[in-house]
Amino acid sequence: MNTLPIAASLLLVTAALAAQAEPPGDSPNRLVRDGVAIEFEAVPLGSDGVLTEGMFADIRLRLSDATTGQPLSGQTPGAWLDQALPEAQVGQCKMRIGTYLKGVLSARALVDLNSYYLVVMNKDSALTVIDPITSVGGITSTLSRIPLKRPPMDWVASEDDRLLYVSMPSAGEVAVVDTSEFKVVASLDAGAEPVRVALQPDGRYLWVGNNARRGERGGVTVIDTRSRETVASLATGDGHHEIAFSADSRHAFISNREAGGVSVVDIASLKKLADIPTGPSPLSLAVSALSGALYVSDGQAGTLTVIDARSLKVRKVIEAGKGLGPLRFTQDGRFGLALNSLEDRVLVVDAGSDEIVQRGEVTAEPYQLVFTRDYAYVRGLASPKVSMINLESLGAGKQLIIQGFEAGPAAPKLAGDLPIADGLAQARDEGAVFVVNPVDNTTYFYMEGMNAPMTGYLNRGHSSRAARVVDRSMREVEPGLYSSRVKLPAPGEFDLAVALNQPNIAHCFRTEVKANPVLAAQRDRPRVEFLLDQGRVTLGEPAKARFRVVQGAAGEPRAGVGDLRVRYFRAPASRSAEVAAVEVEKGVYEAPLQLDQAGAYYLHVGSVSLAMPFGSQPYASLRAVPAQATP
């Protein structure tokens, strides 16, 4: 069950809705009330100029002073696109908005323009875009898929979330994805083996780490984000490169894992200033704006090297223990959290004293760390458990508070082929995160205060590896003009419900969306829905693949299919097995499975008579475990 919070500022209008009258506007797309003029426009993308199901459109609201025409900036309009009410119920638009604001699960809008999208990095050459709120066609939350030239490894977004830069090591390029249209708009030459990507604080340059094998000379490629041209290729050292920046975009710091140090680049001149030894294997970099220093963790030496960001001198070396890896600072720069994958621990560094002030046990083999407003989330390679560190408990003399929850059935490392991009992402709401489990191919949504994830999003047809959030709520694109790009979910008449809190205004504008014949034909094709009671089975016990075949927009069961077959194999790579499926009830089919080894298995359904080749339908995953490991 999906549920995501609505912006708190919009709740201020709820009390005023019931008593508010709704006088007619000057036109169907213009409303004047309480000295404010609101103009609505839905602009389709594409040459046909028609709002069409499954296509993108810009939803625009222009707010101005009704008397002077002066644009009204700094507003936070709430907007929802939903199927139109019957003419006799038009006056109930106010009540409808009130329901949206209260978050009633049974009465959510088809498109919530106060929300965001989830972008999932796949193992193959594609990204998947998921709308966490809207169920497109009543079948899936998948909004779009973005094909890439080669498999992705890392990504970084522009400050406004409008562009996403995705590294593709085997292509030697970085893909530029426009998140307004969810398509690749450019492929940038990024040198040999581009892996880590980072944007400096002012957004001017994109820095790409070019990995090098031992004995080769690696470094970074610097790309101007305006011209999208390479402006520098700098040799820094062997191995993998992590990248960090001073807060003023004056210096770039590049670690050289095999060379055993950090290179410092002057960003203005794009010249290397220094190579600073930090230990034999620098693994992570983090800058604290509060202390004005760069912190370098070395897993082999077990040290944290503190480098003054201005003088570029080593300020201190902190002994922390072998196995040290990922390192990040809280938003205020006060505390750094360093993960030790050998000891399954987190170390808390006080930037004021450059001392380790706390240690705590976290999930097994911790390797990723992200922050929300109140917590740090730690993902482990060897456990499905995610550890939560209460940020209020950080500091000398305090008891470190660590909680946790399970995100999926198995440890991420069992999936293999993981990118360096984070498998955790903060939701737009500051009190929630998304967590990818690559084994069951599901991204889980967890809200703080819950005992377990509230819901999960299956990435049908692809293998999830990492995730990030793209904020697509209405933004002020010019003074008084607020816009959001949406994918139109269905044909028919729609109401755009709009709410303002200063002054209190609630109104519905009407628009029409035409049917898309291509999507209608797709809905008429048979499709597979797996019916697995649980994602875990015990070795030695009978196992079955159970699924339903449905057809049409209403999902009518398709009975009597005699050539359905199930093909399955154990990840990461093994010889596939194939077995016939038999109908056990109308439209429901089963096939026996022989899972003779522990591991994750992937299941595909095919049928010649239904023109359904293997791999054309959503797949399912099962995890086979020894009897003693079953909970």
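Visitor: Which handedness does the link of cysteine 93 and cysteine 508 have?
Guide: This is a predicted model. Its disulfide joins cysteine 93 to cysteine 508, with 1.4 Å from S to S. The angle about the S-S bond is 75 degrees. The link of cysteine 93 and cysteine 508 is right-handed.

Visitor: How many residues apart in sequence are the parts that cysteine 93 and cysteine 508 tie together?
Guide: Look at where each cysteine sits. Cysteine 93 belongs to helix α2, residues 93–102. Cysteine 508 belongs to strand β41, residues 504–513, so the pair ties together parts whose separation in sequence is 415 residues.

Visitor: Are cysteine 93 and cysteine 508 buried or exposed?
Guide: The cut-off comes first. Buried means under 20% relative accessible area. Cysteine 93 and cysteine 508 are both buried.

Visitor: How many salt bridges does a search of the whole structure find?
Guide: The cut-off is a distance. A side-chain nitrogen of Lys or Arg must lie within 4 Å of a carboxyl oxygen of Asp or Glu. Searching the whole structure gives 30 salt bridges.

Visitor: How many residues apart are glutamate 478 and arginine 62?
Guide: Their side chains meet in a salt bridge, at 3.4 Å from N to O. Glutamate 478 is in strand β38, residues 475–478. Arginine 62 is in strand β3, residues 56–65. The pair links distant parts of the chain, and the separation is 416 residues.

Visitor: Which strand holds arginine 196?
Guide: Arginine 196 forms a salt bridge with aspartate 154, at 3.3 Å from N to O. Aspartate 154 lies in strand β9, residues 154–157, 42 residues away from its partner. Both aspartate 154 and arginine 196 are buried. The strand of arginine 196, residues 194–199, is β13.

Visitor: Is aspartate 354 buried or exposed?
Guide: Aspartate 354 pairs with arginine 315 in a salt bridge, with the closest N and O atoms 3.6 Å apart. Aspartate 354 sits in the loop between β27 and β28, while arginine 315 is in strand β24. Arginine 315 is partly exposed at 36%. Aspartate 354 has a relative accessible area of 5%, so it is buried.

Visitor: Which residues do salt bridges that share partners join into one network?
Guide: Some salt bridges share partners. Such shared partners join residues into one network. Its members are Glu41, Asp58, Arg60, Glu181, Lys183 and Arg485.

Key: Residues numbered from 1 in each chain as written. Predicted model: local features only at pLDDT ≥ 70, side-chain atom pairs only at ≥ 80, totals over all residues. Heavy atoms only, no water. Disulfide = S-S within 2.5 Å. Helix = DSSP H or I, 4+ residues; strand = E, 2+ residues; numbered from the N terminus. Buried < 20%, exposed > 50% of the residue type's maximum accessible area, 1.4 Å probe, protein only.
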